[in-house]
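These are my notebook entries on a structure that is new to me. I set down what I looked up, entry by entry.

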Amino acid sequence: MVATPTLRLPDHIALVLQGGGALGSYQAGVYQGLHAAGVDPDWVAGISIGAFNAAIIAGNPPERRVDALHEFWETISQPYFLPATTLGQEAHFLDMNELARAWLDTWEAWRAMTEGQRGFYQPRSWTSWLPGQNPLQPTGPTVASYYDTSPMIATLERLVDFDRLNDGDVRVSVGAVDVASGNLEYFDNRSMRLDARHILASGALPPAFPAVEIDGRFYWDGGLVSNTPLSYLLQAEPQADTLVFQIDLWNAQGQLPQTLLDVAEREKEIQYSSRTRMVTDIQRVGQHYRRLLRELLEEIPAEVRESNPWCRHGAELACDNRIGVIQLIYRERARFGHFKDYQFGRVAMREHWQSGLADIGRALAHPEWLKLPTGENTFVTHDATAPD
C-alpha cells in the first residue's frame with residue numbers, strides 16, 4: 001500500500017484515537033496502513049487505550065513504530081500469570097465454529113478478570129474489597145480499585161522513549177478527568193513534559209483501575225467525560241488547515257438487543273460512541289460560523305475593524321482554515337459481545353488489528369478524501385467504514 005505519488009498531502013495531519021480497551025489494536029492496524037502509505041501524522045491525540053497507542057507512536061522513530069505497537073499488543077494480550085491460551089497457535093483458532101469460538105472468547109474474558117494482563121494490570125488482594133477499616137490494607141485513591149496497573153508503567157517506559165515523545169516533531173495530547181473537579185483536562189507535550197503517569201492516567205477507568213496522582217491531583221480515564229479528543233484538537237491555537245484521521249472503536253448504530261448480554265453490549269456502544277458523533281457535529285457547525293464571521297468582517301472597512309473592540313474580538317474568533325475528517329469506525333459485529341473491550345486474547349487482538357489495516361486500505365483507495373475541502377464548505381467528513 002503506497003501513497004499516490006502525484007497527491008500532495010496537507011501540511012498538518014492529525015490522528016485522533018478513541019478509547020475502547022482491547023479493541024485498541026484496531027487503531028494499531030490503522031496506523032500500520034497509514035505508515036505503509038507514507039502518511040505520517042504530526043499530531044496524535046488519544047483517550048484511554050488511544051493514549052497508550054499515541055505514546056508508542058510518538059515515542060519511537062518512524063521506522064520503529066509498527067514494531068513497537070506489535071510488541072505492546074503482543075505483551076498485553078498475554079494473561080498475567082499463566083501462558084496465553086492459544087500458545088502461539090492463533091491461526092488455528094480463526095476458523096473455529098461459532099459455539100467453540102464463543103467459549104474461547106468467554107474463557108479469555110474470564111482470564112482477563114481473574115488473572116489480569118501481562119505488562120498491564122494484576123488483581124489486588126480480595127481483602128482490599130472488604131468494607132471497613134483494615135489495618136493491613138492501605139487506602140486512598142491510588143489503591144481504591146480492583147486491579148493494580150503499575151505493570152503498565154514499566155511497559156510504557158520500556159517501549160516509549162519519553163525524551164523523543166517530548167522533544168520530537170509529533171505533538172501528543174492525552175485526556176484525563178480530574179477526580180476532584182470532574183473536569184476533563186489534556187496533558188499536552190507542547191505545554192508540559194509528559195511521562196508514563198500522564199498516559200496511564202488517561203486510561204485509569206474506575207473502579208477497575210485506580211486514580212493516578214500527578215502533581216498532587218488525581219486523575220481517571222478521560223472517556224468518563226468524552227471518549228474522543230477531536231474537540232480539543234480543533235479548538236487549539238493556532239488553527240491550521242488539517243487532515244484528521246479519527247479512529248473510533250465503538251459504533252453508535254446497532255441492532256436492537258434481544259438478551260441481557262446484548263443490552264450490556266449496546267449500552268457500551270451508545271455510551272462511548274455518541275459523544276464522538278455529537279462532538280463532530282458541533283465542530284462542523286462551529287467551523288461554519290467561524291468562517292461566516294471571517295467573511296462578514298471582510299465587508300467592514302479596515303479602519304473600523306481596527307478601532308472597534310467588537311471587530312477586534314471577532315477577528316480573534318474568526319478563521320478560514322479548512323478541516324477534512326476521515327472517520328474509521330470499528331463496525332465488525334463482535335462474537336464476544338459485551339466483554340469485547342476487556343477480552344485481550346491474542347486471537348481477538350489480531351482480528352482487530354487486521355480489521356484496522358483493511359479499513360484504512362479502503363479509505364486510502366479514495367485519494368480525493370486526502371485533499372482539504374474547497375469552496376464554502378470548510379469542514380468535510382468522510383465515513384470510510386459506512387455500510388454500502
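**Entry 1. Two helices.** I looked up how helix H3 (residues 65-76) packs against helix H12 (residues 346-364), and I found an angle of about 150° with the axes 11 Å apart. Axes are lines fitted to C-alpha atoms, for helices over the stretch in contact, and angles run from 0 to 180 degrees between N-to-C directions. H3 is therefore roughly antiparallel to H12; angles over 145 degrees count as such, under 35 as roughly parallel, 65 to 115 as roughly perpendicular and the rest as oblique. Helices (H or I, at least four residues) and strands (E, at least two) are DSSP runs, numbered from the N terminus.

From H3, the contact is made by Val66, Leu69, His70, Trp73 and Glu74, and from H12 by Arg346, Met349, Arg350 and Trp353. Contact means heavy atoms within 4.5 Å. By class, I noted 5 nonpolar, 1 polar and 3 charged residues. Ala, Val, Leu, Ile, Met, Phe, Trp, Tyr, Cys and Pro count as nonpolar, Asp, Glu, Lys and Arg as charged, and the others, Gly among them, as polar.

**Entry 2. Basis of the notes.** The model is predicted: local features need pLDDT of at least 70, side-chain atom pairs count only at pLDDT 80 or more, and totals for chains, interfaces and linings use all residues. Residues are numbered from 1 along each chain as its sequence is written, and side-chain values use heavy atoms, with hydrogens and water left out.

**Entry 3. Aromatic pairs.** How many aromatic pairs does a search of the whole structure find? I recorded 17. Rings of Phe, Tyr and Trp (its six-membered ring) pair if their centres lie within 6.5 Å; planes under 30 degrees apart count as stacked, over 60 as edge-to-face and the rest as tilted. Tyr147 and Phe209 have ring centres 6.3 Å apart and planes at 70°, so this pair is edge-to-face. Tyr147 lies in strand S4 (residues 147-148) and Phe209 in the loop between helix H7 (196-202) and strand S7 (212-214), so the pair ties together parts 62 residues apart in sequence. Both Tyr147 and Phe209 are buried; buried means under 20% relative accessible area, exposed over 50%, and partly exposed in between (1.4 Å probe, protein chains only).

Phe187 and Tyr219 are also edge-to-face, at 5.1 Å centre to centre and 80° between the planes. Phe187 is in strand S6 (residues 184-188) and Tyr219 in strand S8 (residues 217-221), so their pair links parts 32 residues apart in sequence. Phe187 is buried at 4% relative accessibility, and Tyr219 is buried at 5%.

I also noted a cluster in which ring pairs link Phe52, Phe72, Trp73, Phe120, Tyr121, Tyr147, Phe209 and Phe344.

**Entry 4. An enclosed helix.** In helix H2 (residues 49-58), 10 of the 10 residues are buried, so the helix is largely enclosed by the rest of the structure. Phe52 is one of these buried residues.

**Entry 5. Backbone.** Most residues other than glycine have a negative phi, and most peptide bonds are trans. I found a cis peptide bond joining Pro206 and Pro207, with omega about -5°; Pro207 is in the loop between H7 and S7. Ser48, in the loop between strand S2 (43-47) and H2, has a positive phi near 60°. Ser48 is buried, with a relative accessible area of 11%. Asp215 has a positive phi of about 55° and lies in the loop between S7 and S8. Asp215 is exposed, with a relative accessible area of 72%.
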